[in-house]
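I opened my notebook to look up a few things about this chain. Come along and check each entry against the picture.

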Amino acid sequence: MEEEPAIMRVTCHTARCPVAEVTYTVDMYPNAEPPTYRAICGQCKQLIADLAPYVP
């Protein structure tokens with residue numbers, strides 16, 4: 001059975017990134033190795049460190 005995704009809010013803070021400071025809500029699956037959740041910006045390709053659980 002496939003694991004359910006965690007709904008997370010992610011924000012890129014990379015200077016000069018076209019989507020810097022824009023927060024997105026995304027489904028994320030845990031990784032086998034730490035960090036448990038990893039996100040990479042689709043615009044600047046930098047690792048996003050600002051991850052938080054989505055709270056409706």
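**Entry 1: the whole chain**

I began with the surface: the chain has an accessible surface of about 4400 Å², and carbon and sulfur atoms hold 54% of it (areas come from the Shrake-Rupley method with a 1.4 Å probe; for residues, only the protein chains shown count as cover). I noted that this is a predicted model, where local features need pLDDT of at least 70, side-chain atom pairs count only at pLDDT 80 or more, and totals for chains, interfaces and linings use all residues. I also wrote down that residues are numbered from 1 along each chain as its sequence is written, and that side-chain values use heavy atoms, with hydrogens and water left out.

Next I looked up the box around the C-alpha atoms, which is roughly 40 × 25 × 15 Å along the principal axes. Of the 56 residues in the chain, 20% are buried (buried means under 20% relative accessible area, exposed over 50%, partly exposed in between, with a 1.4 Å probe and protein chains only).

I checked the charges too: there are 4 positive and 7 negative side chains, and the centres of the two sets lie 13 Å apart. Here Lys and Arg count as positive and Asp and Glu as negative, while His and the chain ends are not counted; each charge is placed at NZ of Lys, CZ of Arg, CG of Asp or CD of Glu.

**Entry 2: the strands**

How many helices and strands does the chain have? I found 0 helices and 5 strands (DSSP runs numbered from the N terminus: helices are H or I with at least four residues, strands are E with at least two).

I then traced an open sheet of 3 strands in the order β2-β1-β5, with antiparallel pairing (two strands pair if DSSP finds at least two bridges between them). Strands β2 (23-28) and β5 (50-53) are at the edges with a single partner strand each, so one side of each has no neighbour in the sheet.

I followed β1 (residues 6-11) to β2 and found 6 bridges; one partner pair is T11 with T23 in β2. Between β1 and β5 there are 4 bridges, and R9 has A52 in β5 as its bridge partner.

Is E2 buried or exposed? I found E2 in the segment before β1, and E2 is exposed, with a relative accessible area of 61%. Last, I looked up E2 and I40: they are 38 residues apart along the chain, and their C-alpha atoms are separated by 23 Å.
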